[in-house]
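Welcome, and please take a moment to look over the model before reading on. We will walk through it together, a few places at a time.

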Amino acid sequence: MLFRQSGIYHTNYAGTRALFPIPADRIMIGSLLAFAIAAPYLVNSLYLSSFILPWLIWTAATLGLNLIIGWAGQFHLGYAAVMGIGAYATVHATRFGVPWEISIILGGTTAAVIGLVFAFASLRVKGLYLALSTLALQFVMDWTISHVPAISGGTQATLQAPALRLLGYPIRSDVGQYYVALAWCLLVTLFMLNLRRTALGRALVAVREKDYAAAVIGVNSFRFKLIAFATSSFIGGVTGAILIFCFYHAVTPEQFSVDVSIQALAMVIVGGLGSIIGSYFGAAFILLMPGLMNSLIAWLAAKFGFALGIETLAHLPHALYGVLIILFLLIEPLGLGKIYSNVRDYLLVWPFGYVKK
């Protein structure tokens, strides 16, 4: 009933091209936006800084990775390295006295330039070979960051991030840092929403579907692949910097290891390739589900009197978490975003299911 439309009214181009043409979508987006703005006053500060804040940051990272994988159809197994480049560049620029707003752009630009250099070499190959090439970026950056003291201070060193100052004002509270992360996540989301309606977005989709066919209709696939790599790397670099300044407050090589790249890839696949809402779902699932499973199993064991050993309690949530990922992908290989889309499409015509036939 909420989504059901009584008709389709294409009366002008502006209405047709609107981001959210259905009123129910606008109501939901408005409600979620109002909740996100009021969250610091509605949610416990522990949940705000431990769950919602990192979820927003990783959603922005997932959207950035989805741009290169879901939109342009190119493998990328080194996204954590790109985030690390942006984080280290921003921290060093800020320590040299550069204003934070400029430092973070420098961090994103540095990540984009290095991502572009690797893209030049990687884009001569495709498929699994491209995946291995981007994985090489991860290993090269891991080694460089760890073994060049001028960057990281050494293998075991922790580089403290300077205080976050936005427009000259220090942002020390969890609430202020939450709003910084929220603003960046919304900015990336808006960019991705509008990307679908631009010539760039349509060219990326054409390259994803078949680059030879795209070349036939005049799309320079190599150029658009480079643009996708550079844009995705810029988003990753800025997101890595925000992750350090708003969440970790210090940067180490382990925060951007190959395991993190695999997790970011899992967020994209579980959420759904090319799906914006799926990026939110995927980041929430991969980031928050292990902790929730742990708490749920501990609660069930205490309630029903199961005697579970410490080792079982430590590993059982991860096993069930893996089973859940497999189940979700078996039920809907296109990810959580597609499950949401299926439910929404059903509600659009409910109870007149025959309309779809």
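Angles between axes are sorted by size: under 35 degrees counts as roughly parallel, over 145 as roughly antiparallel, 65 to 115 as roughly perpendicular, and the rest as oblique. The axes themselves are lines fitted to C-alpha atoms, for helices over the stretch in contact, and the angles run from 0 to 180 degrees between N-to-C directions. Helices (H or I, at least four residues) and strands (E, at least two) are DSSP runs, numbered from the N terminus.

Before we start, please note that this is a predicted model, in which local features need pLDDT of at least 70 and side-chain atom pairs count only at pLDDT 80 or more, while totals for chains, interfaces and linings use all residues. Residues are numbered from 1 along each chain as its sequence is written, and side-chain values use heavy atoms, with hydrogens and water left out.

Let us begin with pairs of helices. Two packed helices are described by the angle between their axes and the distance between the axes. Find helix H13, residues 276–304, and helix H15, residues 336–349: their axes come within 7 Å and cross at roughly 125°. H13 and H15 are therefore oblique to each other. Their crossing is right-handed; a crossing has this name if the near helix is turned clockwise from the far one, and is left-handed if the near helix is turned anticlockwise by less than a right angle. Which residues make the contact between H13 and H15? On the H13 side they are Ile277, Gly278, Phe281, Gly282 and Phe285, and on the H15 side Leu336, Gly337 and Tyr340. Contact here means heavy atoms within 4.5 Å. These residues divide into five nonpolar, three polar and no charged. In this sorting, Ala, Val, Leu, Ile, Met, Phe, Trp, Tyr, Cys and Pro count as nonpolar, Asp, Glu, Lys and Arg as charged, and the others, Gly among them, as polar.

Now look at the loop between helix H12 (258–271) and H13, where you will find Ser275. Is Ser275 buried or exposed? Ser275 is buried, because its relative accessible area is 14%; buried means under 20%, exposed over 50%, and partly exposed in between, using a 1.4 Å probe and protein chains only. A polar atom of the Ser275 side chain lies 2.9 Å from the backbone nitrogen of Gly278. Leaving out residues up to four places away in sequence, Ser275 touches Asn66, Trp71 and Gly337.

Back in H13, have a look at Leu287. Leu287 is partly exposed, with a relative accessible area of 29%. Setting aside neighbours within four places in sequence, Leu287 is in contact with Pro54, Trp55, Trp58 and Met267. In H15 you can find Ile339, which is partly exposed at a relative accessible area of 28%. Ile339 touches Phe328 and Glu332, not counting residues up to four places away in sequence.

A second pair of helices is worth a visit. The axes of helix H4 (residues 79–95) and helix H11 (residues 221–248) come within 7 Å and cross at roughly 60°. H4 and H11 are therefore oblique to each other, and H4 passes H11 in a right-handed crossing. Among the residues that meet are Tyr79, Val82 and Gly86 in H4 and Ser232, Gly236 and Phe245 in H11. The residues of this contact divide into ten nonpolar, nine polar and no charged.

Our last stop is the backbone. Most residues other than glycine have a negative phi. Leu167, however, has a phi near 55°, a positive value. Leu167 sits in the loop between strand E2 (165–166) and strand E3 (169–170) and is exposed, with a relative accessible area of 69%. His249 also has a positive phi, near 65°. His249 has its place in the loop between H11 and strand E4 (250–251), and counts as partly exposed at 31% relative accessibility.

How values were computed. A polar contact is a pair of N or O atoms within 3.5 Å; within protein, one must be able to donate a hydrogen and the other to accept it, and residues adjacent in sequence count only if both atoms are side-chain atoms.
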